[in-house]
Amino acid sequence: VLRFDSSGERKSARFVSAVIRSARRFSYEEAYALMRADEATTASLESGKDRQLASHLKRAWKLAEILRRRRFDEGALNLDFPEVRVLLDENGRPTGVKKSIYDESHQLIEEFMLAANEAVALETKNDATASVYRIHEDPDQGKLEEFTELARTFGHEVHDVTQRSELQKLLRAIRGTIGENGIKLALLKSLKRAAYSAEPLGHYGLAKANYTHFTSPIRRYADLAVHRVLRKILSRRHEPTEPTEPTEPTEPTEPTEPTEPEVPDRTPKASEIRDFARHISETERIAAEAEQETRRIKIYEYLENLVAEDADISFAATIQELRPIGAFVEIDDLLIRGLIRKNDLPRYDEYFFDRLRNEFRSRTNAPPLRAGESIRVSLLHIDRERGFVDFAPV
């Protein structure tokens, strides 16, 4: 139970074992519609309960908006990516794709989860009880310098990105531009990977000194472990601190029924935390890669189905990166990456790769190929085993 002042500063945190009684279950789309509704629309809602819930949502967003602004003021990086969900029929065949829009309803939930995670991390840290933390270590300077050069090939003025403010400035500048996803992905690759740790080393991307995963104990084992740690801390605090008065001995009584055995304590021991954190970091990576691979396989299948139905179909794409082998592009609607090989360029023998400018230039008057440019492509080949997709410019 967290209390904030009007500037978004947390004034108190209280932890209790409780049961949530949901007054209403909203989809993100339903919540977003109510959050954006004007006064007239809100007043026209049929039930007084819905009007009250709409008021609560709007008030909640006011706080979330303050927390979000405060987080970025403190140096957090906005690295949110659009996601594509593949729609399947009852037989598991892909029938379409749906882009997830990261609107204020998602941001509201995120800010409150971040606030809860941070409060719990500070509590376990101050108690000095062994626990699990979510960390994101500071990046290597060399990796950031490589990223700087790539960002410049997209035409952006980039200075010392070892300074958080400079990275934030770049991320604001690319918002809504053609090459936004490519630059964000390149930045993500230049940063260290977030992981679990026995030490509260802080989170670089979120700009938080104390952070853990607490809010999803039904789907992440790290969160369940942190719940157990927090419960142990609270239970210990509730134990009596004064010795009780000794009682007079009593006559023996009849034996009672055996009691249920105590539930074993599954809280990770201090000596196990380090190995435990390393293990769940590894399994998290495996799970994330499996999820990405499953999505990629279904998008490949959907792509092949589209081409089977219309051999002349083409796709809007953006050039993400250029190398001597060719141009890496991303399909705008499917967020799937592939390669236009140099040999598949029209009159390819007239093109050469200019390393200094990081572009494919033509010896004739054909326009060069540069990172960040839009291009239409057709599908040539999908290598499922290797995860490669080849496109050709249209």
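**Exercise 1. Determine the handedness with which H5 passes H7, and their relative direction.**

Solution. Start with the crossing. H5 passes H7 in a right-handed crossing. The model is a predicted one. Next, locate the helices: H5 covers residues 141-153, and H7 covers residues 180-190. Their axes lie 9 Å apart. The packing angle is about 165 degrees. Angles over 145 degrees count as roughly antiparallel. H5 and H7 are therefore roughly antiparallel to each other.

**Exercise 2. List the residues through which H5 and H7 meet, then sort the contact by class.**

Solution. Take the H5 side. Lys143, Leu144, Phe147 and Leu150 contribute from this helix. Now take the H7 side. Here the partners are Ile183, Ala186, Leu187 and Ser190. Sort by class. The contact of H5 with H7 holds six nonpolar residues, one polar and one charged.

**Exercise 3. Describe the whole chain: count its helices and strands, then compare its radius of gyration with the globule rule.**

Solution. Count the elements. There are nine helices and 13 strands. Then compare. For 394 residues the globule rule gives 21 Å, but the chain has a radius of gyration of 27 Å, well over that value, so it is more spread out than a compact globule. Along the principal axes, the C-alpha atoms fill a box of roughly 105 × 55 × 50 Å.

**Exercise 4. State what share of the chain is buried, and what share of the contacts spans at least 24 residues.**

Solution. Begin with burial. Of the 394 residues, 39% count as buried. Turn to contacts. Consider those between residues at least 6 apart in sequence: 62% join residues at least 24 apart.

Methods. Residues are numbered from 1 along each chain as its sequence is written. This is a predicted model: local features need pLDDT of at least 70, side-chain atom pairs count only at pLDDT 80 or more; totals for chains, interfaces and linings use all residues. Side-chain values use heavy atoms; hydrogens and water are left out. Axes are lines fitted to C-alpha atoms, for helices over the stretch in contact, and angles run from 0 to 180 degrees between N-to-C directions. Helices (H or I, at least four residues) and strands (E, at least two) are DSSP runs, numbered from the N terminus. Angles under 35 degrees count as roughly parallel, over 145 as roughly antiparallel, 65 to 115 as roughly perpendicular and the rest as oblique. A crossing is left-handed if the near helix is turned anticlockwise from the far one by less than a right angle, and right-handed if clockwise. Contact means heavy atoms within 4.5 Å. Ala, Val, Leu, Ile, Met, Phe, Trp, Tyr, Cys and Pro count as nonpolar, Asp, Glu, Lys and Arg as charged, and the others, Gly among them, as polar. The radius of gyration is taken over C-alpha atoms; the globule rule is 2.2 Å times the number of residues to the power 0.38. Buried means under 20% relative accessible area, exposed over 50%, partly exposed in between (1.4 Å probe, protein chains only).
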